[in-house]
Amino acid sequence: RFLFDVTPGSGATSPLSGLLKFGPYDSSAFRPKEPRILVVCQQSNRGGFSRAAAAFEQGLPESKYFQKGFKEMFRLRNVHWGFAETKGPTPKHFHDAIVAKIESSEFDLVIVEGNEAQKSLPVEQNSFIMSKALLLGMGIPVQGLKQENVRKSGDWLGNVLGPMALQVYAKLGGVPWTLPASPDVDREIIVGIGSAEKRETEYAGGGIRRVVGMST
C-alpha cells in the first residue's frame, strides 16, 4: 500500500487513486505552492508546447488517467509559466535563449524541448543534454518533453503528461507518497537499478555497451 498522509485510512493500492483521493503525502508542507516553470522550445513549436503546458496544468477531460492536471492533483494554488523561444535547434540557440531568460527571471523548474532524432547525436550536438547540463549547473531541475508528443491528444497525451507530473513534483522536492514502515528495528534503504544496452550498430555482432543507473 501507498500512504498519502500520517492519519489512519489514508492509504491506497495504486499511486493514481491515492493522489486523486488524498493528494500528495507532503501536501500541507510542500513549497512552492505556486511553482514557476519555464518552457524552452523552438519558435516553430511554441503553439504545441503552449497547448501541452495548459493540459499539464489543468488536465485532459477526455483522458482516462489524467483528467485532473498537475495543479489539482498535487493541491497547488497556481502554476506560473514562462516561455523562452529559441531561434534554431542547435545547442547554442538553446543556450542563448536559456541564459537570456534566466538572467531576467527566476524559475523553480525548466521544461526543455527534446526529440527522437537527438538519440543518435553526439553529446556536444544534443541540444537537450547540453541544456540540461547548463541548467543543472545553475541548480535548476530539468524535465524533458519531446516535440513529437506535444501535438498528441486524448489518452496518448495523458499517458505522457501523467508520469511527467509525478516527475516534476518530485524534482521540485515533493514527496508524493511513502511506504508503510517496517516493524523491524533496522533502518531500511530502497534501491532501484535500471539498465539499457546501447549497440554500436544495428547488425548482429556489433559492439554493445551497457549503461546502468541507480536511484535510492
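Which residues line the largest cavity? Please take me from there to the parts around it.

Analyst: A word first: this model is predicted.

The structure holds one cavity of 30 Å³ or more. The volume of the largest cavity is about 40 Å³. Its lining is made up of Val 39, Phe 49, Ala 52, Ala 53, Phe 56, Trp 81, Ile 111, Leu 145 and Met 164. Sort that lining by class and you get nine nonpolar residues, no polar ones and no charged ones. Helix 2 gives the most to this lining, with four residues.

Arg 46 counts as partly exposed, because its relative accessibility is 30%. Leaving aside residues up to four places away in sequence, Arg 46 touches Cys 41, Phe 83 and Glu 85. With Glu 85 there is also a polar contact between side chains, at 2.7 Å. Thr 86 is 40 residues from Arg 46 in sequence, yet their C-alpha atoms are 9.6 Å apart in space.

Glu 57 is another matter. Its relative accessible area is 11%, so Glu 57 is buried. The side chain of Glu 57 makes a polar contact of 3.0 Å with the side chain of Gln 58. Beyond four places in sequence, Glu 57 touches Gly 69, Phe 70, Lys 71, Asn 78, Val 79 and Trp 81. You have met Trp 81 already, as one of the residues that line the largest cavity.

The lining has 23 residues, and the closest to the centre are Gln 118, Lys 119, Asn 126, Phe 128 and Ile 129. Strand 5, helix 5, strand 6, helix 6 (154–171) and strand 8 (208–215) each give two or more residues to this lining. The largest share comes from strand 6, with four residues. By class, the pocket lining has 10 nonpolar, eight polar and five charged residues.

Helix 5 is worth a stop here. It runs over residues 127–137, and its buried residues are Ser 127, Phe 128, Ser 131 and Leu 135. These four sit on the same side of helix 5, because they cover an arc of only 90° around the axis. What do they pack against? Their partners are helix 4 (91–104), strand 5 (109–114) and strand 6 (142–146).

Look at both ends of helix 5 too. At its start, a side-chain oxygen of Asn 126 comes to within 3.1 Å of the backbone nitrogen of Phe 128. Both Asn 126 and Phe 128 are among the residues closest to the pocket centre. After the helix comes Gly 139, with a positive phi near 80°.

Last, Leu 136. This residue also lies in helix 5. Its relative accessible area is 48%, so Leu 136 is partly exposed. Apart from residues up to four places away in sequence, Leu 136 touches Pro 141 and Val 142. Val 110 lies 26 residues from Leu 136 along the chain, and their C-alpha atoms are separated by 10.0 Å.

Methods: Residues are numbered from 1 along each chain as its sequence is written. This is a predicted model: local features need pLDDT of at least 70, side-chain atom pairs count only at pLDDT 80 or more; totals for chains, interfaces and linings use all residues. Side-chain values use heavy atoms; hydrogens and water are left out. Buried means under 20% relative accessible area, exposed over 50%, partly exposed in between (1.4 Å probe, protein chains only). Contact means heavy atoms within 4.5 Å. A polar contact is a pair of N or O atoms within 3.5 Å; within protein, one must be able to donate a hydrogen and the other to accept it, and residues adjacent in sequence count only if both atoms are side-chain atoms. The arc is that of the directions from the helix axis to the C-beta atoms. On a 1 Å grid over the protein atoms alone, a cavity is a set of points where a 1.4 Å probe fits but cannot get out, and a pocket is an open set with protein on both sides within 12 Å along at least five of seven lines; lining residues have an atom within 4 Å of a point. Ala, Val, Leu, Ile, Met, Phe, Trp, Tyr, Cys and Pro count as nonpolar, Asp, Glu, Lys and Arg as charged, and the others, Gly among them, as polar. Grid points are joined across faces, edges and corners, and a volume is the space filled by probe spheres set on the points.
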